[in-house]
Amino acid sequence: MSLTLRTISREQHLAYIQSLPAASHMQVPAWADVKAEWRSESLGWFDPSGEMVGAGLVLYRQVPRVKRYLAYLPEGPVINWYAPNLEDWLQPMLAHLKHQGAFTVKMGPPVIIRRWDSPAIKAGIQNPDVKRLRDVEATHIEPRAFEVADKLRRMGWQQGEDGGAGFADVQPRYVFQVPLADRSLEEVHKGFNQLWRRNIKKAEKAGVEVVQGGYDDLAEWQRLYEITAVRDQFRPRPLGYFQRMWKALNAEDPDRMRLYFARHDGVNLSAATMLVVGGHVWYSYGASDNIGREVRPSNAMQWKMLQDSYALGASVYDLRGISDSLDENDHLFGLIQFKVGTGGQAAEYLGEWDFPLNKLLHKAFDYYMARR
């Protein structure tokens with residue numbers, strides 16, 4: 001089947017995404033407005049009959065002192081990754097991006113390679129010989145994903161380093177998801193571990209309320225988020241980023257982004273942003289105060305977000321990134337420990353892949369990024 005690729009309008013792009021069961025929130029046209037410092041373009045793949053069969057959001061970033069661009073498709077493109085003729089999908093894309101002045105392309109195939117269920121992860125945590133998730137036998141393996149990886153290597157794509165060398169926007173390779181399809185809410189609640197169920201009950205007893213906020217509440221979100229940044233030692237994004245995100249995403253779809261607060265006695269103790277694309281819901285950013293932890297606001301908020309996702313008809317509630325470390329002394333271990341309590345699954349994506357269109361510039365850029 002011969003495919004053609006061309007630039008499409010945002011309207012065409014959005015209509016295509018809306019026709020799918022789900023797609024990454026980083027592949028909707030409005031994500032380009034969130035990443036305002038990048039130039040952007042929507043691409044469409046068409047079959048011989050003229051029907052659109054794939055789409056991609058490309059972000060272009062100009063490299064200092066060179067009139068060339070890094071082209072980035074975060075968690076995309078949205079194409080048939082299992083197509084036997086994968087080359088016929090990717091070659092026209094590379095040719096187009098080269099023509100647009102890209103010297104290197106980075107993409108994140110939304111293809112899951114392995115899954116581990118909660119009992120397998122718990123057993124891994126308890127086993128002193130196991131230090132990483134990949135040392136634990138996977139509960140489910142997708143053989144077709146290995147084929148995709150082989151095809152990409154043969155085409156000249158290079159797998160990004162683990163944890164992602166290069167620039168800061170690199171997406172997590174390991175995520176944690178709670179499947180909702182074909183499960184009742186009771187089953188989801190039963191899937192929580194004892195500690196989670198106890199904490200949800202504790203929050204209810206203490207009178208913790210979980211409410212949704214709006215655009216005007218983003219300043220209060222920022223207050224909690226900056227407290228979190230100091231505690232967890234990361235650099236917070238500015239309030240303007242979240243305001244831009246809210247305006248851009250909710251202009252595209254009024255339910256694309258939500259804001260939640262868990263409060264006790266009228267005081268907000270924790271907050272989270274939630275993103276929705278079709279049947280896929282993400283817990284995107286989280287924040288909490290240093291006070292009030294004993295009433296378990298974070299557990300109450302997650303349970304409410306899960307219930308709301310279920311009411312939306314979501315097939316998956318995605319708690320986003322985890323590190324693959326199962327070492328209790330690792331500073332990121334608390335993250336997987338918190339998430340595994342939901343009874344969901346850890347999933348490993350194929351990771352990000354690079355195609356150097358200009359090998360010399362690609363090398364120079366890698367060197368430049370490594371020294372920053």
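A polar contact is a pair of N or O atoms within 3.5 Å, and within protein one of the two must be able to donate a hydrogen and the other to accept it. The legends below apply this and related terms to a predicted model.

**Figure 1. The side chains of K35 and Y241 are joined by a polar contact.** The distance between the two side chains is 3.1 Å, which lies within the 3.5 Å cut-off because that limit defines a polar contact. K35 is found in the loop that runs between α2 (31-34) and β2 (39-46). Its relative accessibility is 4%, so K35 counts as buried.

**Figure 2. K106 and D354 form a salt bridge between two strands.** The closest N and O atoms of this pair are 3.0 Å apart. Side chains of opposite charge can pair when their charged atoms come close. In total, the count for the model comes to 19 salt bridges.

**Figure 3. E252 and R256 form a salt bridge.** Here the closest N and O atoms are 2.8 Å apart. Are the two residues buried or exposed? E252 is buried, with a relative accessible area of 15%. R256 is also buried, with a relative accessible area of 4%. Each value falls under 20%, and residues under this limit are therefore classed as buried.

**Figure 4. D255 and R258 meet in a salt bridge that belongs to a network.** The N to O distance between their side chains is 2.9 Å. D255 is partly exposed, with a relative accessible area of 29%, whereas R258 counts as buried at 11% relative accessibility. Through salt bridges that share partners, D255 and R258 are joined with K304 and D308 into one network.

**Figure 5. R68, K98, K359 and K363 form a positive surface patch.** K98 has a relative accessible area of 51% and is exposed. The term exposed applies here because the limit for that class is over 50%. Lys and Arg count as positive, so a patch made of R68, K98, K359 and K363 is described as positive.

How values were computed. Residues numbered from 1 in each chain as written. Predicted model: local features only at pLDDT ≥ 70, side-chain atom pairs only at ≥ 80, totals over all residues. Heavy atoms only, no water. Patch = residues over 30% accessible without salt bridge, like charges linked within 9 Å, V, L, I, M, F, W, Y side chains within 5 Å. Areas by Shrake-Rupley, 256 points an atom, 1.4 Å probe, with all protein chains shown as cover. Salt bridge = Lys/Arg side-chain N within 4 Å of Asp/Glu carboxyl O. Charge placed at Lys NZ, Arg CZ, Asp CG, Glu CD. Buried < 20%, exposed > 50% of the residue type's maximum accessible area, 1.4 Å probe, protein only. Helix = DSSP H or I, 4+ residues; strand = E, 2+ residues; numbered from the N terminus.
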